[in-house]
Amino acid sequence: MPAHKIESGHNDTVHDVSMDYYGKRLATASSDTTIKIIGVSNNSTSQHLATLTGHQGPVWQVAWAHPKFGSILASCSYDGSVILWKEGNPNEWTQAHVFTEHKSSVNSIAWAPHELGLCLACGSSDGNISVFTARSDGGWDTTRIDQAHPLGVTSVSWAPSMAPGALVGSSMMDSVQKLASGGCDNTVKVWKLYNGNWKMDCFPALQMHSDWVRDVAWAPNLGLPKTTIASASQDGTVVIWTVAKEGDQWEGRVLKDFKTPVWRVSWSLTGNLLAVASGDNNVSLWKEAVDGEWQQVTTVD
């Protein structure tokens, strides 16, 4: 499919773009403190639908909730706040909730798998991770991982809700609540919810990077027997972390040294393709071969 350029309408750097569940709308986050909602179609046309204002600083990330909860978008900002936006009438957005628990920039947000409910993880420069879970009465419960990365949390990513090797359609009795996080301490950490409290689930922390971890992405497993996390770093490398079964040690291998900071990593829905966005303005796609080696499939300039 040929690429086409979309004018965002922002007047400063765009930090994040997120497509909704149906692939019909984009949300964009910018240093101009706004969020734009843009309609896209198969005939390469785009339409500006809404501008959301409310943050007092650069907006780093936006994330759509699963549509079973309605039309909900989350955003996080340098101003330390996380805003939940809800669409009532088409293209009419209001602030449904503002979280102000963090005292420093909130750098990353991620919705949990929808099977776990309406649940948002947030990582902040204050070193803490907050997890907000919606209650049936409209309120929110909060759990925290204090000083998850004392120098600052740069990224958070949820594990799939089904344990590795579980069959699709298994009961929620098999569900797990785990998070991966990356930080300014150059490490990746894994967390698991035990009896309402988050505990570190990897000992020691995963250390192969020599500079800030810019992004972590937990791969979908779709019944695969192993668990995989990708991490991207300021040091120019992407590391693929795998563990065979619960309780085993994580093993890391360098996918590639890109010789330039790597900003984002993102998995395909099937978990077999990895997209890597690097500081040379390229996006490359990688696939694991049968022998376990990772091969570059293509580059998107």
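I looked up Pro160 and set aside its neighbours within four places in sequence; Pro160 is in contact (heavy atoms within 4.5 Å) with Pro113, Val176, Trp218, Ala219, Pro220 and Asn221. I note that this is a predicted model, where local features need pLDDT of at least 70, side-chain atom pairs count only at pLDDT 80 or more, and totals for chains, interfaces and linings use all residues. Residues are numbered from 1 along each chain as its sequence is written, and side-chain values use heavy atoms, with hydrogens and water left out.

Where does Pro160 lie? I found Pro160 in the loop between β13 (153-158) and β14 (178-183). Strands here are DSSP runs (E, at least two residues), numbered from the N terminus. Is Pro160 buried or exposed? Its relative accessible area is 18%, so Pro160 is buried (under 20%, with exposed over 50% and partly exposed in between; 1.4 Å probe, protein chains only).

Next I checked the largest nonpolar core, which has 16 residues. Such a core is a set of buried Ala, Val, Leu, Ile, Met, Phe, Trp, Tyr and Cys residues joined through side-chain atoms within 4.5 Å. Trp111 is among those with the most contacts inside this core. Trp111 touches, among others, Trp64, Leu84 and Trp158.

Last, I looked at an open sheet of 4 strands, ordered β21-β22-β23-β24, with antiparallel pairing. Two strands pair if DSSP finds at least two bridges between them. β21 (262-267) and β24 (294-300) each have a single partner strand, so one side of each is left without a neighbour in the sheet. I counted 6 bridges joining β23 (residues 283-288) to β24. Glu288 stands opposite Trp294 in β24.
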